[in-house]
Amino acid sequence: MLKPLIFAAALVVSPVLAQDKAFTLQAPEALTERGFTKHLLPRFSLKTGIRITVSAESGEAAFGTEGRPVFRQGETIWHLSKPEGDPEIDAFEDWLVSDVGKRTIEAFTLHGDPIFSADVAVKAEQVAVALTGDAALGETLSLSQCGRCHVINESNRMNAIGSSPSFRLMRTFPDWQERFETFFLLKPHPAFTQVTDVTEPFPEHLPSPIVPIEVTLEQIEAITAYVGSITPADLGAPIQTQ
């Protein structure tokens, strides 16, 4: 008689315990109307036994603009806001940023196209400062000061060092402007470059290994303006791998 009583008690207690492992999640229509939450939440519940009820009005946790960033939809980064110390919601947050959670997020598609990404890194925007230097002077300076190593244009193609990147190639770099404006700080230039009123003179026991490049900030501005005027190299389409 004891075993049936224990079994009956388990049937009564189990639903109560299951209800304790639950919380309400506020999710806007942008995440529910296409079925994303119906794709995401059951997979979490299946893994953890924690039931999530979605509400458009309020919830113990919420997808929105506040809290921890958890996934991206185009340019929009969705965050999860939650109270401190709730183990069920904490488990949901941990799952969202886990490898399994990220794969689940990115597995959701609409008409075969992925909608969400687990990459929530904020991409820094490269802001180029307007070029005000004398580009014509910059071309002359580039040939005289930089042309012994770099291909500047067709006029010195046969006189440069093959291992040095051409100006057209460097023009394709996303940070090309910053590179040219601060080239005297980038190796190997400090060993043989002097910028008037900026760099320290070479130590007497460490002279320049080659004829020094001597320029002013205005001349660097002119060189940068010239580089901004040239057409970046055409690197072609990326190589396709099987």
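1. Let's start with L25. Beyond its neighbours within four places in sequence, L25 is in contact (heavy atoms within 4.5 Å) with L41, I52, T53, V54, S55, A61, A62, F63, L80 and F92. Keep in mind that this is a predicted model, where local features need pLDDT of at least 70, side-chain atom pairs count only at pLDDT 80 or more, and totals for chains, interfaces and linings use all residues. Numbering runs from 1 along each chain as its sequence is written, and side-chain values use heavy atoms, with hydrogens and water left out.

2. L25 also belongs to the largest nonpolar core, which has 24 residues. Such a core is a set of buried (under 20% relative accessible area, 1.4 Å probe, protein chains only) Ala, Val, Leu, Ile, Met, Phe, Trp, Tyr and Cys residues joined through side-chain atoms within 4.5 Å. Along with L25, the residues with the most contacts inside it are F63, F71, F92, L96 and F116.

3. Among the elements giving two or more residues to this core are helix 3 and helix 4. Helices here are DSSP runs (H or I, at least four residues), numbered from the N terminus.

4. How do those two helices pack? Helix 3 (residues 36-48) meets helix 4 (residues 87-96) at an angle of about 115 degrees, with the axes 11 Å apart; axes are lines fitted to C-alpha atoms over the stretch in contact, and angles run from 0 to 180 degrees between N-to-C directions.

5. On the contact itself, helix 3 brings L40, L41, R43 and F44, while helix 4 brings E88, A91, F92, W95 and L96.

6. A second, separate core has twelve residues, including L141, A222, I223 and V227.

Conventions: Buried < 20%, exposed > 50% of the residue type's maximum accessible area, 1.4 Å probe, protein only.
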